[in-house]
Amino acid sequence: MARVPVYHLTPTRRLPLIEEDGLRTRADLSEYYGPPGDFDNAAPGTYANGKRVSGWLSLDYAKAHADEYGFGLVSYSVDPAKTLAAPASLRSSAEPAEYWAQAKPLKEWLDGDVPEDLEVHQNLPVRVKYLQLHAPLVGEEQLGQYAPLVAAVADEDRLSAKALMHLAVIASDGDFDSPAFTAACALAWRDVKDPDRLVRELIETDPDKVASAALAEHGSAAPEAAQVLREALDETRQWADQNGVDHGQGLFARTALVLDDLPANA
């Protein structure tokens, strides 16, 4: 049977880690932070103690719960015969042991009427090749002054968006819950995958020049945000000169330095 897509929600700050490493165990619908809880401990076999990744079969259901689980949207594919699934309503109304006792492989659910709130559990981490990161489910409240810039650039000019993403990461100054970092994530990932050549094009064109041109073209959409990003660009050029690298390499390097401080359990 063909693999089936499911949808996972996570805090936006975790998206760079997921892109790099895939979805790890306990990146799921239970108590991700802290020790395993009753729901974890009641799971059978290798699904127990947080040894699983979980998502929903319905994209609409997932989107309706972003306030609860996080605004980062990830899809991945599962083998329907190698998963366990049960309705979320059962998890909220029944004891953990009862939930797991009524869970059955996704394949069996697909043969009948599928509950809208079906949760799907895989007992292994999700490999990167099975993952897709989508546009975060964020709006003006999360993006703040960056909202008009994201709206103007993110889907319309992917090369500029990638360059501005680096500036927004730098401007966040390591505050991974800030509007700047959230904007960086919104600029980085969209629902349509970027072509493989995009990063190569950014490198060949010179990311510093692309970022500067993007601010000149799109900065009027969000003047305050553009000013912050221009300051980040100027500081990055100074940093590059001090470290003996060209400005484009400096943009990538400073981005990497910020992301290096992103905690593994962000």
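Let me start with a term: a residue is called buried when its relative accessible area is under 20%, exposed when that area is over 50%, and partly exposed in between, with a 1.4 Å probe and protein chains only. Hello everyone, and keep that one in mind, please. What we have here is a predicted model, where local features need pLDDT of at least 70, side-chain atom pairs count only at pLDDT 80 or more, and totals for chains, interfaces and linings use all residues. Residues are numbered from 1 along each chain as its sequence is written, and side-chain values use heavy atoms, with hydrogens and water left out.

First, the overall picture. The protein has 15 helices and 6 strands. Both kinds of element are DSSP runs numbered from the N terminus: helices are H or I with at least four residues, strands are E with at least two. Taken along the principal axes, the C-alpha atoms fill a box of roughly 60 × 35 × 30 Å.

Let's go inside, then. Ala232 sits in helix α14, and at 4% relative accessibility this residue counts as buried. Val153, in helix α9 (residues 147-153), is buried with a relative accessible area of 0%. From Val153 to Ala221 the C-alpha distance is 9.5 Å, with the two 68 residues apart in sequence. Now find Leu118 in strand β5, also at a relative accessible area of 0% and buried.

On to charges. Side chains of opposite charge can pair when their charged atoms come close. A salt bridge here is a side-chain nitrogen of Lys or Arg within 4 Å of a carboxyl oxygen of Asp or Glu. The whole structure holds 8 of these salt bridges. One of them joins Asp40 and Arg52, whose closest N and O atoms are 3.1 Å apart. Asp40 is in helix α2 (residues 38-42) and Arg52 in the loop between α2 and β2 (53-56), so this pair ties together parts 12 residues apart in sequence. Are these two partners buried or exposed? Both Asp40 and Arg52 are buried.

Next, please look at Asp194. Its side chain meets that of Arg158 in a salt bridge, 2.8 Å from N to O. This pair links distant parts of the chain, 36 residues apart: Asp194 is in the loop between α11 (179-188) and α12 (197-205), and Arg158 in helix α10 (residues 158-172). Asp194 is partly exposed at 23% relative accessible area, while Arg158 counts as buried at 15%. Asp194 also forms a salt bridge with Lys162, with 3.5 Å between the closest N and O atoms. Since Lys162 is in helix α10, that pair ties the loop holding Asp194 to a part 32 residues apart in sequence. Lys162 counts as buried, with 14% relative accessibility. Salt bridges that share partners also join Arg26, Asp40 and Arg52 into one network.

Finally, the surface. A patch is made of residues with over 30% relative accessible area and no salt bridge; like charges are joined within 9 Å, and nonpolar side chains (Val, Leu, Ile, Met, Phe, Trp, Tyr) within 5 Å. Lys and Arg count as positive and Asp and Glu as negative, leaving out His and the chain ends.

Which residues form the positive patch? They are Arg3, Lys82, Arg127 and Lys129. Lys129 is in the loop between β5 (118-122) and β6 (131-133), and is exposed at 57% relative accessible area. A negative patch is formed by Asp173, Asp175, Glu231, Asp234 and Glu235. Of these, Glu231 is found in helix α14 (residues 223-242) and is partly exposed, at 39% relative accessible area. Helix α14 is also the place of Ala232, which is buried.

How values were computed: Accessible areas come from the Shrake-Rupley method with a 1.4 Å probe; for residues, only the protein chains shown count as cover. The place of a charge is taken as NZ of Lys, CZ of Arg, CG of Asp or CD of Glu.
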